[in-house]
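Biologist: I would like to learn how to read a protein model. Can we take it one feature at a time?

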Amino acid sequence: MSRSQHKLKPSPRPIFSCGIFRNCTMSVLSPRTPPNTAASFLQPPPASPSPSPPPPATSQPAAAPNPSSSSSSSSSSASHSFTQWRFPLHLNQHHQPPPEPEPQPLPYPESIYNQSIDFTEAFHSAEIHFTDGDSRQALSLLVQSLATADPPPPATAGVIAGVVASLRVAETARAAAKVFLALVLAEENRRPALEAGAVAAAVEAVASPEAGGSTTVKERTLAALELLCTVEDGATAVRGHALAAKALAGAVEAMTGRGRECAIGVLAAIYGGEWAAAAPEEVVRAVVVALQGECTARGRRKGAQLLLALKETARGC
């Protein structure tokens, strides 16, 4: 009996009777405190009043964190910011319709016109206006049509004739010179312009003291006249005009910049090479004076070529 009593198992020990587990459960994890080590677990727990039992679990959400804590306030502000971004808060709870988008500005009428331009129709309309005697309306239509044309398309004979006739009139010379230069930029329009009498009209515009009331008219007319001289018949027509030499020499002496440059270019085209001997004395004098004064690089080069041709002609004689 006594032996069987010694074999009785002792009563089981309580599972959580040591202080280690209690130290684990009471330790507060914080980023500012170092992690617990084995030595800290072996130390006896500090004397502290027994913790109050946790509140019973309820279905209501947890209370807001204490605003005195910096970590809690930062967390709450971050969650509030996300909530505002995800679900924007409105002070006025009434339904407000979304703001209407601002209307896009309409393109300018000129750009619309240039996008849907039909040169065949534009030339036909301008020719009708020229026939009816409304040169201003015809030139205005051509200016708008040729503003973005690069290169300009071949024009009809009626349009070219109307532009050349308008170049002779002081009231329409400014717009006509602009259209005239734009048209002869295309090689296809140069010979029809010669056939319409463009050389005589251009020389008269340069020789005229008024010329539409602006030096711009003379500059554009001289530039167009230089382009006409690239055609063989054009240089011959300018050289054969009675007023050409005097008008061009006067333009070289009186004008500056592009006007003088284009005038020298016309003289170099009609009196260069084998035609240097036909150059009047006033032409030579005007070119020499221009090279001694202000002149563009191209004008100086053209003038030097002309003077060299005149010098070689004089030696041959």
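Biologist: Is C262 buried or exposed?
Modeller: This is a predicted model, so every value is computed from predicted atoms. Buried means a relative accessible area under 20%. C262 has 3%, so C262 is buried. C295 is at 18%, so C295 also counts as buried.

Biologist: How many disulfides does the structure hold?
Modeller: General idea: a disulfide is a covalent bond between the sulfur atoms of two cysteines. Here there are zero disulfides.

Biologist: What is the mean pLDDT of the protein?
Modeller: The mean is 76, and 61% of the residues reach 70 or more. Over residues 58-93, the pLDDT is below 50. That stretch has six contacts in the model beyond near neighbours in sequence. Over residues 105-115 the pLDDT is also below 50, and there too the model has six contacts beyond near neighbours. The general rule: where pLDDT is low, the predicted coordinates should not be read in detail.

Biologist: How many helices and strands make up the secondary structure?
Modeller: The count is 17 helices and zero strands. The protein has 317 residues, and 30% of them are buried. Take contacts between residues at least 6 apart in sequence: 65% of these join residues at least 24 apart.

Biologist: Which residues of α6 are buried?
Modeller: General idea first. An α-helix has 3.6 residues a turn, so residues three or four places apart point the same way. In α6 the buried residues are A122, F123, A126 and F130. Seen down the helix axis, they fall within an arc of 95 degrees, so they line one face of α6. The face turned away from that buried side carries the exposed residues T120 and T131.

Biologist: What do the buried residues of α6 pack against?
Modeller: They pack against α7 (135-146) and α8 (157-167).

Biologist: And what is found at the start of α6, and just after it?
Modeller: At the start, a side-chain oxygen of D118 comes to within 3.3 Å of the backbone nitrogen of T120. Just after α6, G133 has a positive phi of about 85 degrees.

Biologist: Which residues are buried in α14?
Modeller: Helix α14 runs over residues 244-254. Its buried residues are A244, A245, A247, L248, A249, A251 and V252. They pack against α11 (198-207), α12 (215-228), α13 (232-240), α15 (258-271) and α16 (281-292).

Biologist: Now a single residue. Which residues does V179 touch?
Modeller: V179 lies in helix α9, residues 173-184. Its relative accessible area is 2%, so V179 is buried. Leaving out residues up to four places away in sequence, V179 touches L139, L142, V143, L146 and V163. Look at L146: V179 and L146 are 33 residues apart along the chain, yet their C-alpha atoms are separated by 7.6 Å.

Biologist: Where does K311 lie?
Modeller: K311 lies in helix α17, residues 297-316. At 48% relative accessibility, K311 counts as partly exposed. K311 and A276 are 35 residues apart in sequence, and their C-alpha atoms are 8.8 Å apart in space.

Notes
Residues are numbered from 1 along each chain as its sequence is written. This is a predicted model: local features need pLDDT of at least 70, side-chain atom pairs count only at pLDDT 80 or more; totals for chains, interfaces and linings use all residues. Side-chain values use heavy atoms; hydrogens and water are left out. Buried means under 20% relative accessible area, exposed over 50%, partly exposed in between (1.4 Å probe, protein chains only). Helices (H or I, at least four residues) and strands (E, at least two) are DSSP runs, numbered from the N terminus. Contact means heavy atoms within 4.5 Å. pLDDT is the predictor's confidence in each residue, from 0 to 100. A disulfide is a pair of cysteine sulfur atoms within 2.5 Å. The arc is that of the directions from the helix axis to the C-beta atoms. A polar contact is a pair of N or O atoms within 3.5 Å; within protein, one must be able to donate a hydrogen and the other to accept it, and residues adjacent in sequence count only if both atoms are side-chain atoms.
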